[in-house]
Amino acid sequence: GDVTHKLLHFIGFEACQLKEINFEGAALLGARFKACQLEDCSFKGALLKFADFRNTQFKNVDFTDADVTGAIFLEEVVPYLHLSPDQLQLIEIERS
């Protein structure tokens, strides 16, 4: 699927499997990905400020140049996100 550059503020995904979705440049301010599985998705350059990724699993997901300010991730997935050092300073890490 392709939602490149779409405005998707505060959209909610719950207990779903998202595969091969292109979110490049999309505006996902405050989006919720609760208990989802993301596989082969791209968030390159996406606006993910305050997005909630708790209890979400990631496989081959690209966050290059995404704005992840205040985005929430569970501690155990952070090493697998391949975020830049600058991005790591901006996210919220929650212990499970």
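Author: The model is predicted. A place to begin is His5, which is found in the segment before strand E1 (12–14).

Reader: What makes His5 count as buried or exposed?

Author: The relative accessible area of His5 is 60%. Exposed means over 50%, so His5 is exposed. The phi of His5 is near 60°, a positive value in a residue other than glycine.

Reader: Which value of phi does Asp40 have, and where does Asp40 lie?

Author: Phi of Asp40 is positive, about 55°, although Asp40 is not a glycine. Asp40 lies in the loop between E4 and E5. Its relative accessible area is 30%, so Asp40 is partly exposed; that class lies between the limits of 20% and 50%.

Reader: Where is Arg54 found, and why is Arg54 called partly exposed?

Author: Arg54 is found in the loop between strand E4 (37–39) and strand E5 (57–59). Its relative accessibility is 28%. Buried would need a value under 20% and exposed a value over 50%, so Arg54 counts as partly exposed.

Reader: How do you know that the side chains of Arg54 and Asp52 are joined by a polar contact?

Author: The distance given for the contact between these two side chains is 2.6 Å, and the cut-off for a pair of N or O atoms is 3.5 Å. The side chains of Arg54 and Asp52 are therefore joined by a polar contact. Leaving aside residues up to four places away in sequence, Arg54 also touches Phe33, Lys34, Ala35, Ile72, Leu74 and Glu94.

Reader: Thr56 is found in the loop between E4 and E5. What makes Thr56 count as buried or exposed?

Author: Thr56 has 1% relative accessibility. Buried means under 20%, so Thr56 counts as buried. Not counting residues up to four places away in sequence, it touches Phe33, Lys34, Ala35, Cys36, Leu38 and Val77.

Reader: How many aromatic pairs are found in the whole structure, and why is the pair of Phe23 and Phe43 called stacked?

Author: The search finds 14 aromatic pairs. The ring centres of Phe23 and Phe43 are 4.6 Å apart and their planes are at 0°. Centres must lie within 6.5 Å to pair, and planes under 30 degrees apart count as stacked, so this pair is stacked. Phe23 lies in the loop between E2 and strand E3 (32–34) and Phe43 in the loop between E4 and E5, so the pair ties together parts that are 20 residues apart in sequence. Phe23 is buried at 2% relative accessible area, and Phe43 is buried at 0%.

Reader: Why is the pair of Phe53 and Phe63 called edge-to-face?

Author: The centres of these rings are 6.0 Å apart and the planes are at 90°. Planes over 60 degrees apart count as edge-to-face, so the pair of Phe53 and Phe63 is edge-to-face. Phe53 lies in the loop between E4 and E5 and Phe63 in the loop between E5 and E6, so the pair ties together parts that are ten residues apart in sequence. Phe53 and Phe63 are buried. One aromatic cluster is formed by Phe13, Phe23, Phe33, Phe43, Phe53, Phe58, Phe63 and Phe73.

Reader: What makes E2 and E4 count as paired strands?

Author: Three bridges join E2 to E4, and at least two are needed, so these strands pair. They run parallel, and Leu18 stands opposite Leu38 in E4.

Reader: Which order do the strands of the open sheet have, and why do E2 and E5 stand at the edges?

Author: The order is E2-E4-E5, three strands with parallel pairing. Strand E2 (17–19) and E5 each have a single partner strand, so one side of each is left without a neighbour in the sheet. From one strand to the next the twist averages 10°.

Definitions and conventions: Residues numbered from 1 in each chain as written. Predicted model: local features only at pLDDT ≥ 70, side-chain atom pairs only at ≥ 80, totals over all residues. Heavy atoms only, no water. Helix = DSSP H or I, 4+ residues; strand = E, 2+ residues; numbered from the N terminus. Buried < 20%, exposed > 50% of the residue type's maximum accessible area, 1.4 Å probe, protein only. Contact = heavy atoms within 4.5 Å. Polar contact = N/O pair within 3.5 Å; in protein donor to acceptor, adjacent residues only side chain to side chain. Axes fitted to C-alpha atoms, helices over the stretch in contact; angles between N-to-C directions.
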